[in-house]
Structure formats: structure tokens, C-alpha cells
Amino acid sequence: MNPHVNHLRHKLHVLGRNTRGWSRRHIPEKAFVFILGTVIGLLAGTGAFLLKRMVSFVSKWLTSHLHADSGNWALTIIPLAGILLTGVICRYLLRDNLSNGVSQLMKELSKKIYRLKSSRMFSFLIASTVTLGFGGSAGSEGPIANTGAAIGSNLASRFKLPPRLVKIMIGCGAGAGIAGIFKSPLGGVMFTLEVLRMEMTTLSVMVLIVTAVTAAMTAYVLSGATLDVALHSTSAFQLDLIPWVILLGIFCGFYSLYYTYFTKKTADSLRYLRNPWMKNLVAGTLLGCLIVIFPALYGEGYGVIGEMVNGNDAAMLSDSIFYSDKDGVWEMILVAGGILLAKCFATSATNNGGGVSGDFAPTLFAGCIAGYFFATLLNTLFDLHLPVALFAYFGMAGVMAGAIRAPLMAIFLTCEMGAAYAYFLPLMISGAISFGIVRLFTADSYFSHRQDRNNGLISQIKKDDSLKTDNQ
């Protein structure tokens, strides 16, 4: 190696060691944890901003030539290429299994693995950019949560913090990633407490809040003080809509059961494909076929959500084979119903077929379409005048709360994403009722159930092997 490089590395090592020594001597542990949390928030928020920009750049580069007023058969090939390319990058370039990001993080925490690979501070960003930029029908929150967790783990380990504080910094980093990607500080806090289920003291919760707020504000400022889902409606929520919001919550709850069931069935089917190339090929082909029929499934779907919650339902038909200048209301209802049925298969193919992405954004997208479908159908059948755009927004909290089994995160995150604090009550009603419906039929969490199925499958394989050995 170049002697100048060796000299530079030695000087950086000495500087880091001196910095650690000075901080331990002059800064109380509690104060240092707050300082470190702020640094983690800045880095995680910057990472969230960069991930959004990279995904947007790749997506625009690949789809800029498509025709919005007709079908585009290239949408069959682009997602397939993305899944195959992601598989190549993970297996041969990064040499790491990055699939099922949140489940993987939870599994490592349950095994008390607090020293995460330093390469994960950037590897998830690279792989997720390819997956989502090429049309993977999922979200960026799983990768950025792992990125934030890796930042927290490595910084805490670098400063020789004890394991209990390293664990807290991992939770803060993961929450900061969620806060930054959604620009939702309370959503990030609730992710760590409700999804990761990390046990925290008053001090650690305060550090988590500081970290999440820092990450959200960093991403917000870097993006030009813009929201991903800007809600233009300024009308007040009418209390006479509450019965209909209750019905929406019930509808979202039953749809969440459908969504979760077929997401996991698709994952189980793909899991039996042992050859990674075959798994990538099958999943990519399924994803491409669904996207060419329903182009709204391409990527995270925030563009479609932003249009739908502001009354432009034609966004569902952009680049679609169903596009027409004379689309009637029943055609829109049928397309929305088709998207609802297909979304779980597209997301599961992305997340379990070799893509590197997340589970949260798909439920927000599905919730938006579910709210639109519910309100438009009732308006058409019974000559009602429900505000379709607002119900599309309320549905986001409903499906996310039911599908992910995290009602508090869903309610706060959806509210903060659109800065729609005036609609907190209907978001709360929709999310709480949907979650209650799901809880009537299942008591597991979305991620722990996935882990249990994996562990159960592995245990069964080991059991079968031991029986074969005994028989021999």
C-alpha cells in the first residue's frame, strides 16, 4: 500500500483515539450520548435525503422516454433488470445479504448483536437505489433504518460505549432513518418503540427524540423544505363524516388481512426457490408483469399518492394500457380495485425475490388507493358526497396500522408526512379501527411472524435431517 496512505490512516487513528480519550475525560456520559445522538441524526437525515435523490434520478433516467397516454411494454423489462442487478450487486460486489432489512435488524438485536458491519452504512443505500429506481414496488424505509442503525452502532463502538448504550444508539439510528425518510420525527420515535420494541429509559427516549427530530429537520432542509405528500386541502374535517371514517377503518382492516396473507404466501413460494438466479428471475418477471398492467405500482408510489390525495385520480392511469380520455367512474373503480389486489404480490416479489427495500411505503400506497376505492364506490352506489381525496389520505393510516400492526407509528407518520394536523382525529379513527379488526383475527406482529416462519422452517429442516440420520 502507498506509504502516504498508511501515514494518513495512522494519523486518523491517532486523532480518533485522542478524541475518544478527551471526550471521556471532559464530557459526562449522559451529555455525550445526546451529542452523539445529534450527530447520528444529522448523518441519518443526510443519508435519507441522498437515498431519495438517487432513487429519483435513476427512476427519471429510466422512464423519461415512456408515453403517459399509452401502455409501455418496457415496464416489463426494467423491474426485472433491477431485481437481477440488485442480486448481482449484493452477491458479488457488496457480498452481504441485505434482504428483509427491518426483520434482519430485529433478528440481530434479539441475538444481542450490537456491532453492525460498517459497510452497511452505505451498502443498503446502493442496493436500494437500484431496486427502487428500477421500479421495485416497495419502500426505502427498511434500507435507511438499517443505514441509521449501522451509523449508530459504529459511532458508539468507535467511542467505546458500553453495550447498553450501543444498543440505544442503534435504536436511535434506526428511528432517525425512518424520521428522515418520511420527514416525520414522531413516526421515527414510534418505529423504534413500537416496531423494534426496544426497552428504553426516560433518558434514552429523550435521546431518541432529539435524534429523530434532528434527522427529520436535516432531510427537510436539504430537500428545500418540501414534503413528499403535500396536502393542499384546507377544509376542516366535518364531524358528520365520522361514521363513514369508522366504516373506512373496518374496510382497511379487512384489506390489511388480505394484504398480509398474500404477501406472506408469495414470500413462502419464493423461499422454496433455492437458486438465487431463479428466485430473481421469477420475482422480477412477476413484478414486471404487474407493473406493465398497473404502472402506478412502479417504485415507492409517492408521486401517485401526492396526486390522489389532492384529487387527481387520473394519476393511477399514467403510462397505463387502460389510459383513455373518456375514462368513466366505474373504469377508475375497477382499476383501483385491480391495484389493491395486485399490490401485495408486487411488494412481496420485490422484498423477497432479491430486492433491497422496505415494507412501510407500500402500505401507505395501498391505503391511499383503498381510501379512494372506498369513497368513490360509496359515492357512486349511494349518491353520496364523501370527499374522495381526504378519504384516500385517511386510508393511508388505516392500511399501514393494520398491515404493519403499528397503529401509533402509522397515525403519527401519516399526519406528519402531509403536515395535516387538522386531520389527526380521522387518521386516529381509521388507524385504530383497522388495527383492532386485524387483532381480532391475529395476535402476531408483521415482522415477528415473518421471523417465526423462517425459524420454524429452519427448525423443521433440521428435524427432518436428524430423523433421516437416526433412520440410517
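Modeller: Let's start with Arg-120 and Glu-108, which form a salt bridge with their closest N and O atoms 2.9 Å apart. Because Arg-120 lies in helix H5 and Glu-108 in helix H4, this pair ties together parts that are twelve residues apart in sequence. Helices here are DSSP runs (H or I, at least four residues), numbered from the N terminus. A salt bridge means a side-chain nitrogen of Lys or Arg within 4 Å of a carboxyl oxygen of Asp or Glu.

Keep in mind that this is a predicted model: local features need pLDDT of at least 70, side-chain atom pairs count only at pLDDT 80 or more, and totals for chains, interfaces and linings use all residues. Residues are numbered from 1 along each chain as its sequence is written, and side-chain values use heavy atoms, leaving out hydrogens and water.

Both Arg-120 and Glu-108 are buried; that word stands for under 20% relative accessible area, with exposed for over 50% and partly exposed in between (1.4 Å probe, protein chains only). Helix H5, residues 120-133, also packs with helix H6, residues 141-158, at an angle of about 170 degrees, their axes 7 Å apart. The axes are lines fitted to C-alpha atoms, for helices over the stretch in contact, and angles run from 0 to 180 degrees between N-to-C directions. H5 and H6 are therefore roughly antiparallel, a label for angles over 145 degrees.

Now look at Asp-96 and Lys-117, another salt bridge, with the closest N and O atoms 3.6 Å apart. These two are 21 residues apart and link distant parts of the chain: Asp-96 sits in the loop between helix H3 (74-94) and helix H4 (101-110), and Lys-117 in the loop between H4 and H5. Asp-96 is buried, at a relative accessible area of 12%, whereas Lys-117 is partly exposed at 43%.

A further pair is Asp-228 with Lys-52, a salt bridge of 3.8 Å from N to O. This pair also links distant parts of the chain, 176 residues apart, with Asp-228 in the loop between helix H9 (202-222) and helix H10 (242-271) and Lys-52 in helix H2 (residues 29-63). Asp-228 is partly exposed, at 27% relative accessible area. Asp-228 and Lys-52 also belong to a network of salt bridges that includes Lys-183 and Glu-300. The count of salt bridges comes to seven.

Definitions and conventions
Parallel < 35°, antiparallel > 145°, perpendicular 65-115°, else oblique.
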